[in-house]
Amino acid sequence: MTLPASARRLSAAVQGIDGFLFQPRSRTPLRFMRIAFGLFLVGYFTGLHPLAMMLYGTDGLVSRGGEFPLSRIVRPQLFHLLSDHSDRVVWLVTGGGIASGLWLASGFFSRLAPCVVWLFVSSVVTVIPGNSGDLLVMSFATYLAVAGLAGHLVVGGKTPRNHPPATADGGGPGATLETATETPGLPEVPAAGKACRGLPAVLSIAGGQAVPAWSIRLFQVQLVLVYFFSGYHKLANDAWYRGTALHYIAGQTFWSRYDLSHLDDWPVITSALTTAVLLFELVAFPVLVWVRPWRIPILLAGVVFHVAIYVTMRVF
């Protein structure tokens, strides 16, 4: 029986979403992010320690009658649960954050470690005045906690029992997704579920067992949204909207590491650069990063973009 065109389109859309979320992916990117984020937290909490002392230490602002934040957020906050407004609690929270970062990077108890990291990160991000970068750290910690609870961060993942590594005929190395989902003795499943169903039999990739793609997609979608909304909010500023933002920035020594005022004599160049930044953040990166032939070039362009910002401007 031939399905109506609308039903075929719906089926294709469901299969596309299923593949996007559940197609087997290497565990290696998650391992890299786990290690990198854990080491990052060491520096993050080290840098927050003086600020935490100023706010919550024995002689801090809170112990003198101040209060942060101005509006309460319902989350586990170690400062509020344990604080006697002393240096001991500050050392406990920041030291615990450093230790949890090292624990996460080590890979031991990878289901529990990201949850502990989330507790420490949420305890400082929700009570210490910060910026959007701190909220991004909070998001990253949340996604890692979800991936950890799902078992996607397990070190040395092994093929599940009763599911030997796949082969070209469905039983050993070299299997494709289609052959893996047709392993003898396993019930046939709808096409929309094959991407997820074939996962246990898929060969380990690049040194780690494959996992459903959704945990990696969380980070990918977050990165795309960061770029898009960065450009979107720039459009609310008249200087960016009219293409003059970099013209004014180049003439301000406060923002520049070097004297860039000579660029003010070339408004066409500064206007073109301003427009290029908006196009990159609003369109180029959010769209082209999903197109396989363009993925590596656009990622390299992103690296050049941020290196250029770091080299020329005081925004870090």
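**Contacts, cores and surface of a helical model**

Of the contacts in the protein with a separation of 6 or more, 70% are between residues 24 or more positions apart. The structure is a predicted model, and its secondary structure amounts to 13 helices and two strands. Out of 316 residues in the protein, 36% are buried. The accessible surface comes to about 18,100 Å², and carbon and sulfur atoms hold 69% of that.

Start with the inside. The largest nonpolar core has 25 residues, and the members that touch the most others are Phe37, Leu41, Tyr44 and Val121. Helix 2, helix 4 (87-106), helix 5, helix 6 (132-149) and helix 9 each put at least two residues into this core, with helix 2 giving the most, at seven residues. Leu41 shows what such packing looks like: leaving out residues up to four places away in sequence, Leu41 touches Gly101, Val117, Val121 and Val137. There is also a second, separate core of 15 residues, which includes Trp240, Leu246, Phe280 and Phe305.

Helix 2 (residues 28-56) also holds His49. With a relative accessible area of 14%, His49 is buried, because that value falls under 20%. Setting aside residues up to four places away in sequence, the contacts of His49 are Val90, Trp91 and Thr94.

The buried residues of helix 5 are Ala113, Pro114, Val117, Phe120, Val121, Ser122, Ser123, Val124 and Val125. Helix 9, with 21 residues, reaches 30 Å from its first C-alpha to its last, which is close to the 30 Å expected at 1.5 Å a residue. In helix 9, the buried set is Ser215, Ile216, Arg217, Phe219, Gln222, Val224, Tyr227, Gly231 and Lys234.

Helix 9 (residues 214-234) is the biggest contributor to the patch, with five residues.

On the charged side, the count comes to two salt bridges. In one of them, the side chains of Lys234 and Glu281 meet at 3.1 Å, N to O. Lys234 lies in helix 9 and Glu281 in helix 12, so this pair ties together parts that are 47 residues apart in sequence. Both Lys234 and Glu281 are buried. The side chains of Asp238 and Arg242 also form a salt bridge, at 3.0 Å, N to O. Here Asp238 is partly exposed, with a relative accessible area of 46%, while Arg242 counts as exposed at 60%.

Next come two tryptophans. Trp255 sits in the loop between helix 11 (245-250) and helix 12 (267-288), and its relative accessible area of 35% makes it partly exposed. In sequence, Trp255 and Met313 are 58 residues apart, yet their C-alpha atoms are 5.4 Å apart in space. Leaving aside neighbours within four places in sequence, Trp255 is in contact with Ile249, Thr312, Met313, Arg314 and Val315. Trp294, in turn, is found in helix 13 (residues 292-312) and is partly exposed at 47% relative accessibility.

One backbone angle deserves a look. Most residues other than glycine have a negative phi. Phe109 is not a glycine, but has a positive phi of about 50°. Phe109 lies in the loop between helix 4 and helix 5, and with a relative accessible area of 65% it is exposed.

Key:
Residues numbered from 1 in each chain as written. Predicted model: local features only at pLDDT ≥ 70, side-chain atom pairs only at ≥ 80, totals over all residues. Heavy atoms only, no water. Helix = DSSP H or I, 4+ residues; strand = E, 2+ residues; numbered from the N terminus. Buried < 20%, exposed > 50% of the residue type's maximum accessible area, 1.4 Å probe, protein only. Expected span 1.5 Å × (residues − 1). Contact = heavy atoms within 4.5 Å. Areas by Shrake-Rupley, 256 points an atom, 1.4 Å probe, with all protein chains shown as cover. Core = buried A, V, L, I, M, F, W, Y, C linked by side-chain atoms within 4.5 Å. Salt bridge = Lys/Arg side-chain N within 4 Å of Asp/Glu carboxyl O.
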